[in-house]
Amino acid sequence: MPSLNLLGQALVSGVLIGGLYGLLGLGLTLSWGLLHLINIAYFGLAFLSAYLTYHLGTVYHLEPWFSGLIIVPVFFALGVGLHWALARFRVSGLVSLLVTFGFIVVIEAVIQLAWTADFRKLELPYEVPSLRLGRLYVPTLELIAWVLASVFAVFAWAALRWTYFGKAVRAAAEDPAIAASFGINHRANALLIAGICAASAALAGIFIALTTTLAPSQMFAWFGVVFAVVIIGGLGNPLGALIAGVLIGVAESMTMAITAPAWAPLVAFSLLIALMIWQPRWL
Amino acid sequence: MAKHAGRASRRAVLGGIAGTLGLAAVRPLRAAPSGQPVRVGSTLALTGPLAQTSLIHKAVGEIYVSLLNKKDGLLGRPVEWILLDDQSKPDVARSLYEKLITVDKVDLVIGPYATGNILAAMGVAQRYQKMLIQHTFGLPHLAKYEMQFPASPIGPEPNKSAPIPIFDLLAATKTPPKTVAVVASKFPSTHFISQGARAEAEKRKIKEVLYLEYEFGTRDWGAIAARIKDAKPDFVYFGALGVESVQALDAMKKLDYTPPRHYHLFTAPGPLMLAAEGNNALAYTYFEEHPPFTARPGAAEMIPLYRDKAKQLGIPYPYFDFQAAASATAWQMLEASIKGTKSLDDKNMAAWLKANEVDALIGKLRFDGPNNHGPDQSKVRQVIDKKWVVVWPTEYAPPGVKAILP
């Protein structure tokens with residue numbers, strides 16, 4: 001029987017990794033739910049951001065936080081440009097899945113060309129000790145990622161729910177033609193949303209660089225779980241993505257703490273299938 | 001024009017003779033390879049999750065082929081290496097070997113990386129009766145094809161033999177471990193050898209306080225780290241691949257815990273060596289970049305070239321370790337079998353390898369055991385002062401170096 005301390009530590013670990021799932025899923029859920037684009041290029045952008053953070057940190061000795069000030073706005077612009085191109089060629093629906101998968105393959109090749117296939121680890125020049133919560137340890141970098149993911153998700157959710165911009169975006173997602181007849185510039189709004197999605201991917205990438213060892217092909221390892229997060233959280237629902245991320249993160253972590261860790265990858269999809277069968281109203 | 005070309009002046013002839021003699025003085029006389037190239041086909045995981053290690057095999061292969069061509073090639077013919085990307089997928093490797101043999105019509109094939117892809121290529125080689133020299137197949141009991149030859153000296157039963165050196169090293173310390181945690185990847189070769197480590201620990205009456213299996217590609221190590229910390233083992237055996245165990249150590253560090261002694265099976269050497277928590281980490285090897293290994297055939301020539309190439313490619317760990325040595329050894333075996341038989345006939349070459357010893361970079365290799373394996377030459381290496389050195393068996397350690405074990 002696992003000790004209470006072990007279960008508590010697994011809970012902390014699951015909640016924190018859930019924040020990263022939510023942050024990675026944010027771009028996909030907004031893009032899929034509000035722009036009707038299954039834009040999986042955000043996985044590639046997140047890893048490109050991670051490698052840029054690594055590069056700026058190791059070559060130019062730039063703090064990741066300063067790197068973020070450069071990378072996030074650049075990726076915002078990149079997201080806007082990418083969406084403009086997709087809209088220009090009228091890419092939507094399932095075709096967008098294929099096209100953006102192509103972008104990922106290109107991004108992976110670019111990363112491999114620039115940084116090789118070998119492992120890269122961003123070593124900070126200083127220790128970042130974990131916080132103590134009684135007998136539990138809370139890793140600081142993961143906690144910062146979780147807090148930022150939460151702020152981002154709550155802010156996006158509130159903006160969509162209560163601002164004119166949010167209502168306009170939701171209206172355009174329902175019916176762009178009718179929304180346009182009410183004077184909503186849905187194309188400009190879509191560009192803004194795409195920029196926010198790419199910026200959130202860039203932010204996730206910075207924390208991936210800070211907390212893991214990088215290899216180009218690892219971007220594919222996040223696909224399944226983040227897709228499950230987006231579906232369970234509800235398309236276009238940033239808060240839902242965060243909650244689903246935490247739910248899956250905790251379920252995986254608890255599985256690893258109680259049974260064989262090898263069972264953990266089954267958890268996300270088992271949860272997804274169970275919820276599909278149950279069909280709760282929020283799904 | 002023909003008239004002018006045939007009228008060579010005495011000055012031109014003398015100049016030509018002097019030039020030729022001058023060139024001969026600075027270069028040893030050697031016939032450059034000529035004629036139709038000998039085409040060697042292979043795949044490597046140039047993309048996908050195994051690409052990190054394949055990068056090493058690619059660099060070594062390119063150096064070896066260029067060295068061959070600077071000498072007299074193979075049988076006096078230049079060597080051409082046709083290398084394709086199997087994307088780390090056995091099904092792709094199988095199709096590409098089929099293509100190399102039937103469409104590209106290569107003269108010879110050499111193995112891919114890693115175990116799953118080698119097994120896939122082996123089936124194709126068997127179907128077309130091509131000899132297959134492979135670098136790092138981790139499941140020798142499945143290598144039933146009589147014309148496959150391993151370059152890595154892991155012996156016919158690595159599940160039994162490979163864990164012995166680390167447990168021997170621990171037993172030789174003042175405080176041998178009483179408890180062990182075995183944390184094993186489900187990747188086929190690491191899983192197979194980890195089962196042997198469990199059996200070896202049991203045989204030595206070391207109590208197994210934790211056994212964990214995890215999937216290849218695990219992202220979150222927090223809960224696994226917490227379980228290891230909770231079990232308080234004297235020794236952790238990571239049956240891990242690549243950076244998995246480095247990530248586990250990193251996760252444990254966040255819990256303010258580092259296991260007193262930890263061993264990593266097929267770890268990526270760079271990240272573990274560079275990580276603060278990797279200090280004094282133990283790992284599997286059969287070649288490191290120091291004497292007596294560097295005195296072996298081909299080492300003096302290969303190592304500096306590999307270092308340059310690795311730096312040029314941007315490989316963060318530019319040292320010539322056992323993966324690079326296995327790769328070079330595969331090419332040495334191919335060269336030796338061609339020179340030994342003076343032919344490119346797969347059956348003749350295979351028969352020659354079965355009957356002869358190859359004095360290679362990895363050591364003296366024999367192929368007369370079960371499934372063409374010779375004896376196991378596994379060793380233990382350790383990160384000491386940010387460098388990997390062999391610490392067991394002690395006769396392979398650099399002078400004055402001893403394992404550091406708390």
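The exercises below work through a predicted model with chains A and B.

**Exercise 1. Overall form of chain B**

Task: State how many helices and strands chain B has, and explain why it counts as being as compact as a globular protein of that length.

Solution: 
- Step 1. Chain B holds 14 helices and 14 strands.
- Step 2. Along the principal axes, the C-alpha atoms of chain B fill a box of roughly 95 × 45 × 35 Å.
- Step 3. Of the 406 residues in chain B, 53% are buried.
- Step 4. Among contacts in chain B with a separation of 6 or more, 70% come from residues 24 or more positions apart.

**Exercise 2. The sheet of five strands**

Task: Give the strand order of the open sheet of 5 strands in chain B, then find which strands stand at the edges.

Solution: 
- Step 1. The order is β2-β1-β3-β4-β5, and the pairing is parallel.
- Step 2. β2 (79-85) and β5 (148-150) of chain B each have a single partner strand, so one side of each is left without a neighbour in the sheet. These two are the edge strands.
- Step 3. On average, neighbouring strands are turned by 25 degrees against each other, direction ignored.
- Step 4. Inside the sheet, β1 (residues 38-44) and β3 (residues 108-110) of chain B run parallel and are joined by 2 bridges. Val40(B) stands opposite Leu108(B) in β3(B).
- Step 5. Helices lie across these strands. α3(B) lies across β1 and β2 of chain B, at about 165 degrees to β2(B). Helix α5 (residues 115-127) of chain B lies across β3, β4 (132-134) and β5 of chain B, at about 170 degrees to β4(B).

**Exercise 3. A helix pair in chain A**

Task: Describe how helices α5 (residues 140-162) and α10 (residues 238-258) of chain A pack.

Solution: 
- Step 1. Two packed helices are described by the angle between their axes and the distance between the axes.
- Step 2. For α5(A) and α10(A), the angle is about 145 degrees and the axes are 7 Å apart.
- Step 3. Residues of α5(A) in the contact include Ala149(A), Ser150(A) and Trp157(A). In α10(A) they meet residues including Pro238(A) and Leu242(A).
- Step 4. By class, the contact has 9 nonpolar residues, 1 polar and no charged.

**Exercise 4. Where the chains meet**

Task: Find which element gives the largest share of the side of chain B that touches chain A, and list what Ile224(B) touches.

Solution: 
- Step 1. In the contact between the chains, 35 residues of chain B face 31 residues of chain A.
- Step 2. Elements giving two or more residues to the chain B side include α3 (51-70), β7 (207-214) and α9 (222-231) of chain B. The largest share, 6 residues, comes from α9(B).
- Step 3. The chain B side has 17 nonpolar, 9 polar and 9 charged residues.
- Step 4. Not counting residues up to four places away in sequence, Ile224(B) touches Met256(A) and Pro261(A), together with Val183(B), Leu212(B), Tyr214(B), Ala248(B) and Ala251(B).
- Step 5. In the largest nonpolar core, of 227 residues, Ala198(A) and Ile224(B) touch the most other members. Helix α8 (residues 186-211) of chain A gives the most to this core, 16 residues.

**Exercise 5. One residue**

Task: Decide whether Glu301(B) is buried, partly exposed or exposed.

Solution: 
- Step 1. Glu301(B) is found in helix α12 (residues 299-313) of chain B.
- Step 2. A residue is buried with 20 or more C-beta neighbours within 10 Å and exposed with 12 or fewer.
- Step 3. Glu301(B) has 14 such neighbours, so it counts as partly exposed.

Conventions:
Residues are numbered from 1 along each chain as its sequence is written. Chains are lettered from A and ligands numbered from 1 in the order in which they are written. This is a predicted model: local features need pLDDT of at least 70, side-chain atom pairs count only at pLDDT 80 or more; totals for chains, interfaces and linings use all residues. Two residues are in contact if their C-beta atoms, placed from the backbone, lie within 7 Å. Helices (H or I, at least four residues) and strands (E, at least two) are DSSP runs, numbered from the N terminus. Ala, Val, Leu, Ile, Met, Phe, Trp, Tyr, Cys and Pro count as nonpolar, Asp, Glu, Lys and Arg as charged, and the others, Gly among them, as polar. Two strands pair if DSSP finds at least two bridges between them. Axes are lines fitted to C-alpha atoms, for helices over the stretch in contact, and angles run from 0 to 180 degrees between N-to-C directions. The radius of gyration is taken over C-alpha atoms; the globule rule is 2.2 Å times the number of residues to the power 0.38. A nonpolar core is a set of buried Ala, Val, Leu, Ile, Met, Phe, Trp, Tyr and Cys residues joined through C-beta atoms within 7 Å.
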